[in-house]
Structure formats: structure tokens, C-alpha cells
Amino acid sequence: MVEKEHLIDLQHICKEYDDTAVLTDINLYIRKKEFVTLLGPSGCGKTTTLRIIGGFEYPTSGTLLFEGKDIGALPPYKRKVNTIFQKYALFPHLNVFDNIAFGQKIAKVPTKEINIRVEKMLELVNLRGYGKRSVDQLSGGQQQRVAIARALVNEPQVLLLDEPLGALDLKLRKDMQLELKRMQQALGITFLYVTHDQEEALTMSDTVVVMSDGRILQIGDPKSVYDEPANAFVADFIGESNIMRGMMLQDELVRFSGANFPCVDAGFGENQPVDVVVRPEDIMIVGNDIGQITGIVQSVLFKGVHYEMMIDTGETIFKVHSTVMQAQGSNVGLSIVPYNIHIMKPMLRPVLPSEGEGEEEEAL
Amino acid sequence: MNQSLSLPSWMLWLLGLFLLGFVLLAVYSVKRTNGIRRSFFASPYTLWMVLFTIVPCVLIAYYALTDANGAFTLDNFRNFWDSNYSVNQLYTQMGPEYEVLIQRGTVNIGILVYSLWMALLCTIICLVLGYPAAYFMADRNIKIGSILVVLFIIPMWMNFLLRTIAWMTLLEDQGLINTLLKSLGFHSVQLMYNDRAVLLGMVYNFLPFMVFPIYTSLTKMDSKLLEAAQDLGANHLHTFWRVTAPLSLPGVISGITMVFMPSVTTFFIPRILGGGNTMMFGDLIENRFLTEGNWNLGSALSLIMMVLILISLSVLRKADPEGEGGGMI
């Protein structure tokens with residue numbers, strides 16, 4: 001059942017705190033040298049999943065396999081994984097060198113060998129000459145690097161990263177994203193990364209695991225998760241979306257927002273309620289005589305690369321991204337290419353995060 | 001005998017001048033800034049400190065360096081080394097081990113060494129008992145921890161003398177423990193009037209001062225650090241010695257300070273639980289002042305005590321340069 005290349009297998013993992021389910025039936029495998037990201041809003045269970053793999057929490061039920069062996073009951077210090085904690089958890093009483101050497105000293109590596117390895121690690125994370133510094137003297141980014149070095153020096157098979165870039169500013173975060181990816185590829189270590197930042201997840205991962213409410217909603221590579229969201233929640237969480245209720249009239253024809261749109265999906269049956277997702281950048285603004293529907297530009301926001309316009313068609317307010325600005329109050333036509341319309345089975349309503357924002361309400 | 005107000009008039013003048021200067025300074029600071037400076041609000045505390053800390057210290061130094069007539073002398077300190085000149089009723093009821101010391105004239109030093117030794121033992125016992133207690137209290141996984149905190153605090157609501165006397169009823173020959181032993185068919189045991197009883201009383205009274213600083217430093221510690229240590233391969237023992245112990249060191253040092261200082265100057269406990277067979281430095285000072293009425297000698301002893309405490313504090317400070325352990329002095 002377990003394939004050879006699977007390094008970690010989570011099978012039917014459940015976790016409850018005082019009868020409150022935090023994780024429900026988590027099934028996930030991680031391959032060797034893969035960069036897997038657990039993505040979801042706070043409280044979705046992604047950190048708990050990471051902590052179960054790290055050994056800081058024990059699952060209520062389910063099996064955790066590492067190279068095919070059950071490690072569910074092993075304490076953290078017997079697992080071949082290392083963690084980078086959210087706030088780094090560097091030892092304040094030790095300097096940079098001793099922080100990095102901590103695991104090696106526990107493992108009773110000879111001092112000479114430790115010195116060589118730690119120096120190599122300092123070089124890897126661009127902190128050469130910082131060994132004697134106290135960790136309080138370092139900036140957030142430097143502390144981050146020490147945390148990475150402290151974990152990597154032990155040559156773990158898997159590195160668990162719990163929102164490691166959350167405390168850094170945008171520019172530094174972007175740099176570190178690339179650097180982490182570079183290290184992962186250079187060292188050939190499996191990374192399991194937890195974040196709520198969808199852009200980060202899409203940039204770095206080989207595989208994205210979207211979670212919500214203690215469940216896995218979708219597993220896939222970044223492109224498929226973005227292009228083919230499994231449901232309205234994923235669509236809404238990853239990137240920006242217009243999510244509407246619609247009706248599948250027949251194969252390749254869907255009705256929403258008061259108009260019929262040709263699409264490429266089939267197999268939903270006739271006259272079936274569905275959720276319709278259209279990315280803001282996939283809606284084209286055309287002359288109001290040739291659009292599939294028409295609407296009035298309610299508001300215009302400059303977002304840097306593009307303008308974000310809210311366009312009211314009477315039935316729906318669409319969020320549209322375009323590099324060309326339309327004047328507020330002007331009448332425009334909207335057109336959507338068939339393969340940009342994503343049809344999915346309707347979700348149970350309470351799970352939708354943007355409920356009440358009004359954009360996806362009252363379709364049809 | 002009572003020489004309490006034998007201060008020379010120049011000292012009273014000095015004190016008055018000091019207070020006047022202080023008031024003038026306060027008025028000046030208000031005037032200069034056209035309003036009340038914030039530092040002005042600290043003045044009641046400054047006044048308090050001057051009146052009840054600095055002035056008494058100056059007085060102790062004054063008495064220690066003068067004789068009964070107010071003339072300058074170093075005799076009081078000489079007497080500390082050689083107590084022959086004042087062998088009196090003070091020592092008559094003390095145990096036979098003091099005979100030798102009294103004959104040699106080194107009874108003061110003997111008592112000082114004994115006090116330091118008892119204080120050291122008390123501090124070590126408090127540390128050995130107190131650290132695990134603090135550790136369990138700080139452990140969030142142990143539900144009983146918060147109850148332990150309360151149990152340690154409740155006795156502190158009671159008066160120190162009362163707590164010590166309460167031990168008498170337990171340890172006496174006809175006390176609770178011996179009654180229980182006898183009813184079970186054992187011989188009664190001499191529990192009181194020895195060093196161990198005194199030590200017990202000291203440990204009992206000073207233990208909370210060890211527990212709470214350690215407890216505070218342990219609760220301040222980020223529990224993520226323990227996870228990080230385990231993550232890096234440290235088992236529970238490694239984690240304790242390499243992370244928990246060094247990070248709680250400020251609390252330990254603060255605890256040692258807060259137990260050792262009052263331990264050295266302990267009085268009353270030896271008299272109650274030691275039955276007067278033993279005497280500690282605090283008792284000696286008390287006796288000089290109250291029984292003998294020799295304020296000069298008592299002050300000299302107090303001064304020696306203060307210097308010793310200052311030395312031990314500065315040694316401890318070296319070990320905790322940031323003063324994290326609650327900032328004791």
C-alpha cells in the first residue's frame with residue numbers, strides 16, 4: 001500500500017481536544033525531496049498536522065508512517081525530522097554558534113567535526129563570522145537564518161517549517177522564499193511548509209495541500225490548485241475570485257448572473273445547481289454592445305500592475321482586474337472565455353469564508 | 001543602661017540640614033519648571049529611604065565606631081575578634097560546645113561561622129526542595145500546579161513567629177509527633193532543642209522565598225524552547241540540563257539571595273526550636289542591643305554582618321549580571 005518513494009504517510013489522522021475535532025481524517029503522503037505546503041486560514045489544523053509529524057502532538061486516531069514504519073508514538077527526539085518554529089525559538093542563553101551546534105553536541109559529534117559543520121552552515125545561510133554573537137543582537141531575518149542552520153546542520157530527512165517567514169517584512173520574505181527553495185533543491189531535503197499566504201505556497205511548492213476546518217480540501221501542484229480549484233472555498237482562498245451560484249443548464253452551458261455562458265464543463269446533469277468561479281483577471285471588458293452581459297463601473301482602485309474595478313450587472317457585482325481603466329459610472333460590456341469559467345459542485349454554505357461580503361450573493 | 005538618645009547634637013544638626021536641603025531641592029525643581037516635575041512624585045519614596053535606610057545606616061556606623069561616651073574607638077571591632085572582655089551572663093545557658101570558644105575568646109566568630117554554616121545548609125536544602133516544587137508548579141501539564149502555588153502562599157499569610165511556635169506543638173516531647181509515636185508503641189524521640197530543629201524551622205520559613213523566584217523564571221520561559229530542544233534530539237534530561245536549568249538560573253540566584261540573607265541574620269528560631277542551646281548571629285546582635293544594652297558592640301556586629309551580606313551579594317551578582325531574577329538589590 002505504501003509506495004517506496006513515500007517518505008511520510010498520514011493515514012486517517014484525527015485529532016481531538018476535549019471532544020472538539022481539530023483534524024478529521026487527514027490522508028496525505030509526502031515524497032522524498034518534495035516541497036509540500038499546507039495552506040489554509042488560521043485554525044484550519046495545518047500547524048497541528050505539522051506538530052503531529054514533529055512529535056509534539058499525538059493523533060487521537062490514525063497512523064503516521066515514516067519510511068513505512070509507524071512512528072506515531074515516538075517522542076520528538078527520536079524522529080528524523082527537524083522543525084523551524086514560527087518565532088524561531090532560539091536559545092537565548094546560547095550564542096549563534098552554540099545554538100547551531102546544539103543538536104550536534106547532543107548527538108555527541110566530535111568537537112572538531114562540529115566546528116567544521118557549524119562553519120559550513122553559517123556560510124550556507126550567509127552568516128559567516130556571526131558565531132560569537134548573542135542571538136538577541138540579530139535582526140529578525142538573521143534569527144531566521146540561525147533557526148534554519150540549527151535545523152539543517154543535523155541533516156534531517158524532513159524539515160518542518162511552521163510559518164517561518166511570517167515575522168519578516170515583504171521584501172525580506174520574498175528573498176527568503178527564493179533562498180529556502182534554493183536550499184531545498186541544493187540539499188535535496190524534503191520540506192513540509194505551513195503557511196496561510198497563498199502566494200508563498202504557489203511560489204515555493206511542488207505540492208499544495210489546501211486545508212480548512214481540519215480537513216484537506218484539495219491536493220495538487222500549484223497550477224492545478226489555482227486553475228482547477230476543487231470547490232468554492234479553494235477558489236476563494238487561492239487568489240481572488242468571483243464566486244456565484246449558478247445553474248448547469250446542460251453540458252457546456254451554464255447560467256449565472258442572469259445570462260447563459262458557454263463553458264467547457266460537462267457531466268453535471270441538466271438544470272443542476274452549481275458554484276461558478278471566475279478569476280477577476282479572466283473577465284474581459286469589452287464594448288457594451290458586444291459583451292455577454294453589461295454593467296456599470298461602481299468603483300475603481302489602482303493596485304499597481306492593474307486596476308481593480310467593481311462592476312455591477314444588476315444581478316451580480318463582479319470584481320474585474322484590467323490594465324485599462326474604465327471611468328467610474330461608465331457602462332461596459334463583460335465577456336468571459338468558456339475555459340475560464342470554473343464549474344464545481346456546490347459546497348455546504350457555512351464553509352464559504354466570504355459569506356456575507358455580498359459579491360457572490362443572489363445569482364440567478 | 002538605655003543610651004538610645006545619646007546622639008551628639010552635631011548629628012541631629014546634620015540630619016536637620018539634610019532634610020532642609022531635600023525640601024529646598026524639591027521646591028526648586030517645582031519652581032524651575034513652572035509645574036511639578038514627574039520626578040517630584042518620587043520624593044516621598046526618597047524621603048522614606050533617607051529616613052529609614054540611610055539615616056539608620058549612618059547611625060549604625062556611628063555607634064560601631066564610638067564607645068559609650070561617644071568617643072571614637074575601634075574597640076567594638078577588636079571585641080568581635082576577642083570576646084574575652086565581655087564574657088558575661090549572655091553565654092551562661094549555652095551548650096557545652098561553647099565552653100571552649102568562650103575560653104578562647106572566639107565565641108563571636110564561632111557564632112558567626114555557625115550562622116553562615118546554618119544559612120548555607122538552609123539555602124542548599126531550600127534549593128533542593130524548592131526547585132522541584134517550582135518546576136512542578138510551572139508545568140502547565142500538571143493540573144495540581146496551581147493548587148501547589150496556593151498551598152505555598154497560604155502559610156505566608158500567617159505571622160512568622162506564629163508559624164515557628166506552631167512547630168513546637170508538633171516537635172515537643174509531649175507534642176503531636178511524639179504522642180503519635182508513643183501510641184504506636186515507639187519510644188519518643190528528642191526532636192526539639194537541636195540544630196536539626198532549628199534548620200527545619202529555617203527551611204520551613206524561607207522555602208517560599210526560594211520557590212517563587214524560580215517559579216517566576218520558569219513560567220517566563222518560552223515552552224517552545226523545550227520543544228525546540230527535543231526537536232534537536234535532546235531527551236528530557238538533556239533538555240533540562242541544557243535549556244531549563246540555565247534559563248532558570250536567574251531565578252535560582254534570586255532565590256539563593258532571598259533565602260541566604262535572612263538565614264544568616266535569623267534570630268528567634270534558634271531560641272524557640274533550639275531552646276537557647278545554640279545561638280545564631282541574629283540572636284547575638286539582638287542580645288547585645290536588648291539584653292546587654294551595648295549599642296556600640298551591637299552596631300559593630302551589625303556592620304560586620306552587613307559587609308558580609310554585601311560581599312555575598314556582589315559574588316552572586318557576578319553570576320547573574322543582568323539581574324533577571326526579580327532584581328534583588
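Colleague: Are α5(B) and α13(B) roughly parallel or oblique to each other?

Modeller: This is a predicted model. In it, helix α5 (residues 107-138) of chain B and helix α13 (residues 281-291) of chain B pack at an angle of about 140 degrees. Angles over 145 degrees would count as roughly antiparallel, and α5(B) and α13(B) are therefore oblique to each other. Their axes are 8 Å apart.

Colleague: Which residues in α5(B) and α13(B) meet?

Modeller: From α5(B) there are B:Asn108, B:Ile111, B:Leu112 and B:Ser115, and they meet B:Phe281, B:Leu284 and B:Arg288 in α13(B). By class, this contact has four nonpolar, two polar and one charged residues.

Colleague: At what angle do α9 and α11 of chain B pack?

Modeller: Helix α9 (residues 195-220) of chain B packs against helix α11 (residues 236-264) of chain B at about 150 degrees, and the axes are 8 Å apart. That angle makes α9(B) roughly antiparallel to α11(B). The crossing of α9(B) past α11(B) is right-handed.

Colleague: And which residues of α9(B) meet α11(B)?

Modeller: On the α9(B) side they are B:Met202, B:Phe206, B:Phe209, B:Met210, B:Pro213, B:Ile214, B:Ser217 and B:Leu218. Their counterparts in α11(B) include B:Thr244, B:Gly251, B:Val252, B:Ile256, B:Met258 and B:Pro262. The residues of the contact of α9(B) with α11(B) divide into 12 nonpolar, seven polar and no charged.

Colleague: What about α6(B) and α9(B): is the crossing left-handed or right-handed?

Modeller: α6(B) passes α9(B) in a left-handed crossing. Helix α6 (residues 145-153) of chain B and α9(B) pack at about 145 degrees, with their axes 10 Å apart. B:Val149, B:Phe152 and B:Ile153 of α6(B) make the contact with B:Leu207, B:Pro208, B:Val211, B:Phe212 and B:Tyr215 of α9(B). The contact of α6(B) with α9(B) has eight nonpolar residues, no polar and no charged.

Colleague: How is chain B divided into domains?

Modeller: The domain assignment gives domain 1 (6-64), domain 2 (74-105) and domain 3 (107-319) of chain B. The centres of domain 1 and domain 3 of chain B, taken over C-alpha atoms, are separated by 36 Å. Five residues of domain 1 of chain B are in contact with seven residues of domain 3 of chain B.

Colleague: Turning to chain A, what does the domain assignment give there?

Modeller: Chain A is assigned domain 1 (6-227) and domain 2 (241-362). Their centres, over C-alpha atoms, are separated by 38 Å. Four residues of domain 1 of chain A are in contact with four residues of domain 2 of chain A.

Colleague: What is the strand order in the six-strand sheet of chain A?

Modeller: The order is β6-β7-β8-β3-β9-β10 in an open sheet with mixed pairing. β6 (81-84) and β10 (215-220) of chain A stand at the edges with a single partner strand each, so one side of each has no neighbour in the sheet. Neighbouring strands of this sheet are turned by 20 degrees against each other on average, direction ignored.

Colleague: Which helices pack on that sheet?

Modeller: Helix α4 (residues 140-152) of chain A packs on the sheet, touching β6 and β7 of chain A, and its direction makes about 175 degrees with that of β6(A). Helix α5 (residues 170-187) of chain A lies across β3 (35-39), β7 and β8 of chain A, at about 155 degrees to β8(A).

Colleague: In what sense do β7(A) and β8(A) pair?

Modeller: Strand β7 (residues 158-162) of chain A and strand β8 (residues 190-195) of chain A pair in the parallel sense over five bridges. A:Val158 has A:Thr190 in β8(A) as its bridge partner.

Colleague: What about the five-strand sheet of chain A?

Modeller: That open sheet has the order β13-β12-β11-β14-β20 of chain A, and the pairing is antiparallel. At its edges stand β13 (259-262) and β20 (342-344) of chain A, each with a single partner strand, so one side of each is left without a neighbour in the sheet. The twist averages 40 degrees from one strand to the next. Strand β12 (residues 253-256) of chain A pairs with β13(A) over four bridges, and A:Leu253 stands opposite A:Pro262 in β13(A).

Colleague: Last one: how many residues lie between β1(A) and β2(A) in their hairpin?

Modeller: The hairpin has two residues between β1(A) and β2(A), and A:Asp18 in the turn has a positive phi of about 45 degrees. Eight bridges join strand β1 (residues 6-17) of chain A to strand β2 (residues 20-31) of chain A, and these strands run antiparallel. A:Glu16 stands opposite A:Ala21 in β2(A).

Key:
Residues are numbered from 1 along each chain as its sequence is written. Chains are lettered from A and ligands numbered from 1 in the order in which they are written. This is a predicted model: local features need pLDDT of at least 70, side-chain atom pairs count only at pLDDT 80 or more; totals for chains, interfaces and linings use all residues. Side-chain values use heavy atoms; hydrogens and water are left out. Axes are lines fitted to C-alpha atoms, for helices over the stretch in contact, and angles run from 0 to 180 degrees between N-to-C directions. Angles under 35 degrees count as roughly parallel, over 145 as roughly antiparallel, 65 to 115 as roughly perpendicular and the rest as oblique. A crossing is left-handed if the near helix is turned anticlockwise from the far one by less than a right angle, and right-handed if clockwise. Contact means heavy atoms within 4.5 Å. Ala, Val, Leu, Ile, Met, Phe, Trp, Tyr, Cys and Pro count as nonpolar, Asp, Glu, Lys and Arg as charged, and the others, Gly among them, as polar. Two strands pair if DSSP finds at least two bridges between them. Domain bounds come from an automatic or database domain assignment.
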